[in-house]
Amino acid sequence: PAMKIAFGLEDLEKQVAEVLNVEKVIVVSGDSDEYSWVKKELGRACVQQMKKQIAPGDIIAVAGGTTLAAVADMVSPSEKWKDAVFVPARGGLGEKVEIQSNTISSTMATKARAAYRLLHVPDQLSNETRTSLSLEPGIKELLALIRKAKIVIHGIGEAEIMADRRETSDGAVQQIKEKAAVGEAFGYYFDREGHIVHKERTIGLQLNDLNEAQTVITVAGGSSKAEAISAYMKYRPSNLLITDEGAAKAILNR
Ligand code: G3H
């Protein structure tokens, strides 16, 4: 029976990869909407894949969220992390400290016994302040490091849930609703067709900075995220999607 289950997941992986146009998909069993241990398994699978991808000295940019926090939980010391540098993908997005990308990046680095850098940018900034901050030597250098990341790891959220969780401004919430955003990643909101309909004001990785030389790993599960995952992958299919059975089946049944 164990073999059968394994074959079942492998089949799902192939089908989801094809439907989403993603190079490689890994599906863990269960649905993280139903059981919290499934999110831990997503974390475990993600760390396994990171270790396969990483080369000594690589910069790894990590986003925020509870799924990324589950990834951080699973990191342990290994030769693989030799000279790795963990950096946050973007500045504050209004999340609780525990799940901000700064925290996740420092947790991963500490557990990996590797280096990390922090991006100290307050969440709510005027355009002017943000522009002048990004010209500060320390921040400018870090922004350049983020752009050089070899591996980028991020989660995907449902648009309205993310806007609500981050106490996003009324104007932005209206925009998100009016333009029918369904998914969110890196502070960018996407509609069903994968168009960006809103972007949070923070510095760091811009989606159009992503390039072919990077490995972008998306980790997102739960059947409730099917629409959000599909929307984001229309914008830019990742190199690797780590998801669960719940989301995979819901993606195929859309
Ligand atoms: O940007 C995506 C969200 O950070 C995902 O958050 O992992 O807590 O669902 P989550």
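First, my terms: helices (H or I, at least four residues) and strands (E, at least two) are DSSP runs, numbered from the N terminus. I am working on a predicted model, where local features need pLDDT of at least 70, side-chain atom pairs count only at pLDDT 80 or more, and totals for chains, interfaces and linings use all residues. Residues are numbered from 1 along each chain as its sequence is written, and side-chain values use heavy atoms, with hydrogens and water left out.

**Entry: loops**

I looked up Asn-21, which sits in the loop between helix H1 (2-20) and S1. Its phi is near 65°, a positive value in a residue other than glycine. Most residues other than glycine have a negative phi, hence my note. Is Asn-21 buried or exposed? Asn-21 counts as exposed because its relative accessibility is 58%; the cut-offs are under 20% relative accessible area for buried, over 50% for exposed and partly exposed in between, using a 1.4 Å probe and protein chains only.

Glu-167 also went on my list, with phi near 45°, a positive value in a residue other than glycine. I found Glu-167 in the loop between helix H7 (159-165) and helix H8 (170-178). At 69% relative accessibility, Glu-167 counts as exposed.

**Entry: the sheet**

I traced an open sheet of 7 strands, ordered S1-S11-S10-S5-S2-S3-S4, with parallel pairing. (Two strands pair if DSSP finds at least two bridges between them.) Strand S1 (24-28) and strand S4 (115-116) are the edges, each pairing on one side only. S4 pairs with strand S3 (residues 85-88) in the parallel sense over 2 bridges, and Tyr-116 in S4 is the bridge partner of Phe-86.

**Entry: helices**

I see helix H3 (residues 66-73) lying across strand S2 (59-62), strand S5 (151-154) and strand S10 (215-219), at about 105° to S10. Axes here are lines fitted to C-alpha atoms, for helices over the stretch in contact (heavy atoms within 4.5 Å), and angles run from 0 to 180 degrees between N-to-C directions.

Helix H2 (residues 36-53) packs on H3 at about 60°, with axes 7 Å apart. H2 and H3 are therefore oblique to each other: under 35 degrees would be roughly parallel, over 145 roughly antiparallel, 65 to 115 roughly perpendicular, and the rest is oblique. On the H2 side I listed Lys-39, Leu-42, Gly-43, Cys-46, Val-47 and Met-50, which meet Thr-66, Thr-67, Ala-70 and Val-71 in H3.
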